[in-house]
Amino acid sequence: MTDTEQRTKETELAKAYEFHDIEQRWHQAWLDSKTFQGCMEEGKDSFSIVIPPPNVTGVLHIGHALNNTLQDILVRYRRMQGLNVLWVPGTDHAGIATQNVVERHLTAEGKDRHQIGREKFIERVWTWRRESGGQIINQLKRLGCSCDWDRERFTMDEGLSKAVVKVFTTLYDQGLIYKGDYIINWCPRCHTALSDLEVEHEPTAGKLYRIRYPYADGSGFLVVATTRPETMLGDTAVAVHPEDERYNAMPGQQVILPLVNRAIPIVFDAHVEKEFGTGALKVTPAHDLNDFEIGRRHDLPLISVMDKNGVMNEQAGKYQGLDRFVCRKQIVADLEEQGLLDGIEEYEHGVGNCYRCHTVVEPQLSKQWFVSIKPLAEKAIAAVKNGDIRLHPKSWENTYFDWMNNIRDWCISRQIWWGHQIPAWTCSDCGELIVRDQEPVDCPKCQGEKLVRETDVLDTWFSSALWPFSTLGWPDQTRELDFFYPTSVLITSFDILFFWVARMIMMGTHFMGEVPFRDVYLHALVRDAHGQKMSKSKGNVMDPLLVMDKYGTDAFRFTLTAFAAQGRDIKISEDRIEGYRHFINKIWNASRFALMHLDDGSARLVDQDIKEFSMANQWILSRTSHTIREVQVALDSFQFNEVASLIYQFIWREFCDWYLEWIKPALYGESIAAKAETRSVLLTVLEVTLKLLHPIAPFITEEIWHALPGKRATIMLEAYPKPDTAWESLQVESATNLLMGVIGGIRNIRSEMQIHPSASINALLVCADAAKNDTLRRHAASITGMTKVKDFDVRASGECPKGAASFIFEDIAIFVPMQGLIDIDRELEKLGRERDKIMVQLERIEGKLGNVKFMSNAPAEVVAKEQEKLDGFRATIAKIDENISRLQELNG
């Protein structure tokens, strides 16, 4: 075998892009070669990202796929720019979710966690994590994520646990963590406190009950309204607004609490909305946050009437033992019987549900651990205000400031077993509370040795808030922290801006004295093609793994990128992914064509003055340089959809549709110089194109890269392209655009008039611009070669020849005589038949959509589909009418 034959064999691409084999092969090669490992070279700038840690219980969903694709694009881009790059992967221990998974396993065995005890239960969770908890990590690898997998972290691993204890004890010592009575969001099903962000408020059809509270002096009654009458058993006051004239004579008055017959005061408080109802508010300090604050201001007693299961307790009197909702019905019945129910209204209001199990949350009084958050929030507000952190899109800033300025103390304790157990002990002898980073031997106050560990664990988001610096080794002062903190950018979904992002900013600025990242890109939700939120109940969930198996990972990644516009939800469908699968195939086929002409290895990259190159070669180099610049600007400003659009347009329209067609005469011609020049440009542009595309579509670009002439290392370590001003020429681009417009016009006439592709035609161009005419004449061969024009004429003036079809491009009139090319009468007859056929279908759908019964009973998606068909038929009729009109003009 000769050297040339060997080279041909090595550089030959298969006829079709078989992505399954290629993706598996390169995925393993990247892992084996440790190409993703973070670098720490002195003198280089650094770029780092920490992955938003998915729950250890999770599997890859469409949101993960979007989020991690966008991160990987930036990581691969910066790696190719030669920076020290680190992308830290990991998973979150997901306290409630993971405990629920393991508890379900125990239930299937006929056991519960209390039977086996805390220690054994934690062992079971760790066993589950080792056996089943790594699934999503493998799925992220399948997506092509170039994380440093040797640095994978877990929010419960030894290093992160050390950081959690350090932060907790430090905040406690600084007086920023405290334990106290507070109204918390309590889930009676999960048996744990929930932060405000973990409560999902759903509009719910309920009832508003108006209850009569008799005045203690017997002079009448006051009407109050409530949606939760069962809590009235814990009322300790009725509040009215101090400026409400209806109650000016009320100071010192009392009312009798119905059913309980306890006298309670009327208090004046500005929190009351005097315009709502009667302006009187029942105050239950142990079962409502706002009431709790009113109670604090007026020193009201706290009476809790429910236990942790949502069952009425001994304070509820005769209602003890009733479920809260059963109790509600009984109380309403008793009030009605005693004539104290003033009325019931239908009332829609927001009901808080547990974000995990969707049980209605019950505000309850409880001893909990809290972070005094305002001192931390002040620094986090300043970080965004002064530009140390930039939010993308910027429109999220107002929402961020509004939430941070009105922030409440953060309840960080959870009544579950799986998680970071709070490092606090209580002395059984004297009650002293001890918070230490190591287990104490005895009580520092009385030296007693009976110390009981706090059973609560920390909110999962507490450890996640430390993620940017704990994953880099803090509290130890590591080399990774020196190189990579602050991290460069965070990419995450907008819906965890407060759950996670704000808390990371607070913890980072407090403990590191520096922001945790410079830029935050908040992407929107991925929805189905109709803009509907994806859910299992709707049957519109898209499984990324199935999609990648069907269309290939690169096509999937490109689709996600193409629709990732800032601030807009992403509407995705398999049709769109299939469309980008065609784009990936287009790249493959274009590369196969190029390699046919590069297989002898003689082509060299362009490194000389190009002013004497053919216009096609000058044009593609100019467009290449401009595209590089535009792509870099878009990448640097997180305009991911613009990146995809620029690359798509360049590859499909400019490189494939135009350039490859234009250069065929040179590649197949006799001129050795023209052939060598064109091969050089072809190799150069193909290399640049693959590098531009690589961050979005890593698999196909790696495969083609290694098929190019010469011995090659991985494309991901190649230098990212830089624009070359020596290649750029607006004059050449303008002249080429002129030719493209004319060629497009002639092709349009061919298509509209349905002229057979092999038929030769004549073309007359009329344009008063002498410079344009000169360009058209000089490049007549390119025009005629691309359009099968036999006689080509350019004039400064002239009329439309009789029987000619026309097209206007800018100030150029293009005429193509139709004589001998088509039978106009026959074409008119054919179009008429086609129109009649489509009108039958159009009228049938119009009738269906005009049918009241159909419109009332048909699902919305069926109606939408029929409307879509109708719109399509109307567009087709309009096109046929346009063609008929055009042919009639030619005939007349």
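A residue counts as buried when its relative accessible area is under 20%. Val238 sits at 0%, so Val238 is buried. Keep that cut-off in mind as you look through this model, which is a predicted one. The protein has 892 residues, and 53% of them count as buried.

**The whole protein**

- Along its principal axes, the C-alpha trace spans about 110 × 70 × 55 Å.
- If you go through the secondary structure, you'll find 30 helices and 29 strands.
- Take the contacts between residues at least 6 apart in sequence: 77% of these join residues at least 24 apart.

- You can find Val238 in strand β9, which runs over residues 237–240.
- What does Val238 touch, leaving aside its neighbours within four places in sequence? Its contacts are Tyr213, Leu222, Val224, Val255, Ile264, Pro265, Ile266, Val267, Ala280, Leu281 and Val283.

- Helix α2 has 15 residues (19–33), and at 1.5 Å a residue it should span 21 Å. The C-alpha atoms at its ends are 21 Å apart, so the model agrees with that expectation.
- Which residues of α2 are buried? They are Phe19, Ile22, Glu23, Trp26 and Trp30.
- Look down the axis of α2 and these buried residues fall within an arc of 95°, which means they line one face of the helix.
- Turned away from that buried side, the other face carries the exposed residues Asp21, Gln24 and Asp32.
- The cover over the buried residues of α2 includes α3 (62–80), α7 (135–142), α17 (544–551), α18 (553–562), α19 (574–596) and α24 (698–707).

**Gln99 in helix α4**

- Gln99 is part of helix α4.
- Is Gln99 buried or exposed? Its relative accessibility is 2%, so Gln99 counts as buried.
- Beyond its neighbours within four places in sequence, Gln99 is in contact with Ala94, Arg113, Phe121, Ile416, Trp417 and Trp418.

**Cavities**

- The structure holds three cavities of 30 Å³ or more.
- The largest cavity has about 50 Å³ of space in it. Its lining is made of 13 residues, and the closest to its centre are Gly95, Ile96, Arg414, Asp459 and Thr460.
- Helix α4 (95–108) turns up again here: α4 and strand β21 (457–458) each supply at least two residues of this lining.
- Sort the lining of the largest cavity by class and you get six nonpolar, four polar and three charged residues.

**The second largest pocket**

- This pocket has a volume of about 1400 Å³.
- Of the 49 residues that line the second largest pocket, Thr227, Arg228, Asp288, His349 and Gly350 lie nearest its centre.
- The elements giving two or more residues to this lining include β5 (177–187), β8 (221–226), β12 (280–283), α9 (289–298), α10 (324–337), β13 (341–354) and β14 (362–371).
- Which element gives the most to the lining of the second largest pocket? That's β7, with eight residues.
- By class, the lining of this pocket has 20 nonpolar, 17 polar and twelve charged residues.

Methods:
Residues numbered from 1 in each chain as written. Predicted model: local features only at pLDDT ≥ 70, side-chain atom pairs only at ≥ 80, totals over all residues. Heavy atoms only, no water. 1 Å grid on protein atoms, 1.4 Å probe; cavity = no way out; pocket = protein on both sides within 12 Å on 5 of 7 lines; lining within 4 Å. Points joined across faces, edges and corners; volume = space filled by probe spheres on them. Helix = DSSP H or I, 4+ residues; strand = E, 2+ residues; numbered from the N terminus. Nonpolar A, V, L, I, M, F, W, Y, C, P; charged D, E, K, R; others polar. Expected span 1.5 Å × (residues − 1). Buried < 20%, exposed > 50% of the residue type's maximum accessible area, 1.4 Å probe, protein only. Arc of directions from axis to C-beta. Contact = heavy atoms within 4.5 Å.
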